[in-house]
Amino acid sequence: MNPINSRNGTHHSNETVLAQLAVRKANLDQSQLAISTGKRINKVSDDPVGAAQAERSMIRIERIKVEMRAMDLQRSNLTLAESTLGEGIEYLQRVRELLVTAGNAALDTPQRVGIANEIEGLRNRLLQIANRQDSNGMALFGGLGSVAIPFEEDGAGIVSFKGVAGLAAQSDVSLPMALDGQSAFMFATSADPSASTSIFHALDKAIVDLQKPLTNAAESAAMNAAIIQGLKDTDRGLSQLQAVRGRAGEFLNQSDLIEIQLNARHDQSEADRSRVQDLDMAQGISQMQSNQVAYEIALKSYAQSQQLSLFNFLK
């Protein structure tokens with residue numbers, strides 16, 4: 001045999017063995033990395049198709065997390081708004097009790113003034129909660145508006161709504177962040193110019209009337225009429241607050257259903273990601289052991305080829 005041809009053949013054989021050895025080592029390294037990270041895919045080249053599927057699942061998961069955080073904030077606002085309306089209802093219920101008491105003919109002017117003062121305190125607290133904000137400074141009852149103070153009181157004590165009436169559109173994963181303050185605290189426009197424009201206006205009128213002294217039957221009759229009207233307006237205000245509070249309760253019930261839906265979507269997307277990316281540990285260990293054996297065999301083959309190469313060279 002021609003020595004040169006023999007050496008060339010041996011050189012080619014060595015290159016083949018080295019290539020196999022490199023492949024076996026790469027496979028072993030990949031299986032060891034998979035076990036250490038717990039992931040079957042650690043870089044795109046491991047499985048381009050699977051990596052793309054895992055990326056799409058991760059994008060869906062991140063979007064769902066954003067929606068869940070938004071829902072937590074919406075639910076927090078609605079919970080605060082619902083409890084705030086509960087406070088307002090308690091204030092108006094106390095106002096109603098005071099108006100009934102004020103109708104007692106045995107009361108004198110100082111006693112009625114005392115009742116008026118207590119109603120004034122309740123009216124002011126009602127205005128405060130109507131302008132209550134969440135932790136981010138957003139008004140709970142601004143409706144569609146973004147003003148921080150939806151109810152403004154002018155120098156004459158007249159309260160007006162500066163928000164935007166209505167509720168933000170809801171979707172299958174979101175709810176309004178604020179309730180409609182106009183439907184809660186303001187009264188519908190009436191053709192009667194003397195009609196109250198809001199629960200605040202109604203209470204202001206009752207406060208003024210209760211402070212008037214009674215010196216004759218006509219004044220007593222006017223007082224009784226004012227108390228009756230005050231009771232009607234208070235009942236109207238109670239009805240509106242209760243209706244808006246009921247709507248808040250409906251939104252909170254919907255938020256529970258939305259949370260279940262988002263959690264289900266999250267779990268499904270996570271399962272999709274895990275299926276293509278995560279490693280079955282038992283299978284991974286078995287694969288690593290197989291790669292270890294293949295690498296050791298490749299090492300022995302390389303060692304034998306090196307011995308043969310030296311033998312041929314000596315010949």
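A residue is called buried when its relative accessible area is under 20%, exposed when that is over 50%, and partly exposed in between. Keep that in mind as you click around this predicted model.

**Stop 1: Glu62 and Lys65.** Start by selecting Glu62. Its relative accessibility is 37%, so Glu62 counts as partly exposed. Why can they pair up along the helix? Both sit in helix α2 (residues 48-102), and being 3 residues apart puts about one helical turn between them.

**Stop 2: Arg94 and Glu97.** Stay on helix α2 and pick Arg94 and Glu97, which are 3 residues apart, so about one helical turn separates them. Their side chains form a salt bridge at 3.1 Å, N to O. Check the surface view here: Arg94 is partly exposed at 32%, and Glu97 is partly exposed at 46%.

**Stop 3: Asp172 and Arg265.** Next, select Asp172 and Arg265, whose side chains meet in a salt bridge (3.1 Å, N to O). This pair links distant parts of the chain, 93 residues apart: Asp172 lies in the loop between β2 (159-161) and α4 (181-185), while Arg265 belongs to helix α6 (residues 217-277). Asp172 is partly exposed, with a relative accessible area of 44%, and Arg265 is partly exposed at 34%.

**Stop 4: a network.** Finally, grab four residues at once: Asp72, Arg75, Asp256 and Glu259 are joined in a network of salt bridges.

Note on methods. Residues are numbered from 1 along each chain as its sequence is written. This is a predicted model: local features need pLDDT of at least 70, side-chain atom pairs count only at pLDDT 80 or more; totals for chains, interfaces and linings use all residues. Side-chain values use heavy atoms; hydrogens and water are left out. Helices (H or I, at least four residues) and strands (E, at least two) are DSSP runs, numbered from the N terminus. Buried means under 20% relative accessible area, exposed over 50%, partly exposed in between (1.4 Å probe, protein chains only).
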